[in-house]
Amino acid sequence: MEPLVIINGEVKSNVSIFNRNMQYGDGLFETCVAKDNKVLFWDNHFSRLNNGCDRLNIKKIANSVWLEDIKKALSLSSEKNCIVKLILSRGNSLRGYSYSKDIEPVRVVIVSQMNEYKTKETYSLEFAISGFHSNPNLAGIKHCNRLEQILARTNMLADEAIMLDENQSVVSVTQGNIYLIFGNKLITPKLERCGVIGSRRSIILELSRLTNLEVREDDISIKQLEKANEVFVSNSLIGIQPVTSIGDYYLTNNPITEKISAAYSSITQDIKSWTCL
């Protein structure tokens, strides 16, 4: 299907040449899963979006407005299972980094086809040629300036690439968060200086605690990564994907990851995890 686009509540597919998102990446975005006019884990997406607005001083859009836009877009789409991408730009300005106090945000909803994702039996990671540079002011939020990830995926040969910071600490993969298991401990990188706090990350950490794992956020070195018993990655589209190799380092069994993945699959089937439109 052709993607369906709604801008500020109207069906159209072009924005002003002066849109600050296009000029500077001055905006935020979310990638959601929708099915039968319901959105999965909407509260997590909306919370992260609002947190980004607070951090970047972008005017917030009410929850009811976003849901009305999504509802309209889904009603006009022929697909029952969709990817719903939200983009929020600070607005339009002629030129220059500064902006007026009365600038009005531009909101975009894009509905596109959802290709069914199945967990791969083998999933490889490599180290990205581009990494993150620390900036606590931007850490955690999903802003639209994603050149670091774009560079990281250039000429990528593995299924995914691990992004490091300037201290060579593990931050994430290019399109998701990463988790390491050592015995009964689950460790995921701190994201206080850089990286994105994924919409599924808090859910996975809570499910891990319920699986009686000790959960910790910490700095992770390459040497630690290559000693992990199990490694998996997550994002809103793939859910949980076990990793079977990192360069020349192979991981053959993932029993704990399978338990967490089963718990995650179960919660996605719970009607309480979906917001009805």
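Which residue in β6 is the bridge partner of V5? In this predicted model, V5 is bridged to I110 of β6. Four bridges link β1 with β6, and the pairing is antiparallel. β6 also runs antiparallel to β5, to which it is joined by eight bridges; here V84 has V111 of β6 as its bridge partner.

V84 and V111 also belong to the largest nonpolar core, where they are among the residues with the most contacts inside it, together with W42, W66, I70, L86 and V109. This core comprises 25 residues. Two or more of its residues come from each of β1 (4-7), β3 (27-35), α2 (42-56), α3 (63-76), β5 (81-89) and β6 (106-113). Leaving aside residues up to four places away in sequence, W42 is in contact with C32, N63, W66, L67, I70, L86 and T275.

The largest pocket has a volume of about 860 Å³. Its lining consists of 37 residues, with K142, T174, Q175, G176 and N235 the closest to its centre. At least two lining residues are supplied by each of β3, α2, β5, α4 (147-153), β9 (170-173) and β13 (230-235). By type, the lining of this pocket contains twelve nonpolar, 16 polar and nine charged residues.

Of its 27 lining residues, V33, M114, L237, T268 and Q269 lie nearest the centre. β3, β4 (38-40), β5, β14 (239-242) and α7 (255-268) each give two or more residues to this lining, and the largest share, four residues, is that of α7. The lining of the second largest pocket divides into twelve nonpolar, nine polar and six charged residues.

Key
Residues numbered from 1 in each chain as written. Predicted model: local features only at pLDDT ≥ 70, side-chain atom pairs only at ≥ 80, totals over all residues. Heavy atoms only, no water. Core = buried A, V, L, I, M, F, W, Y, C linked by side-chain atoms within 4.5 Å. Buried < 20%, exposed > 50% of the residue type's maximum accessible area, 1.4 Å probe, protein only. Contact = heavy atoms within 4.5 Å. Pairing = 2+ DSSP bridges. 1 Å grid on protein atoms, 1.4 Å probe; cavity = no way out; pocket = protein on both sides within 12 Å on 5 of 7 lines; lining within 4 Å. Points joined across faces, edges and corners; volume = space filled by probe spheres on them. Nonpolar A, V, L, I, M, F, W, Y, C, P; charged D, E, K, R; others polar.
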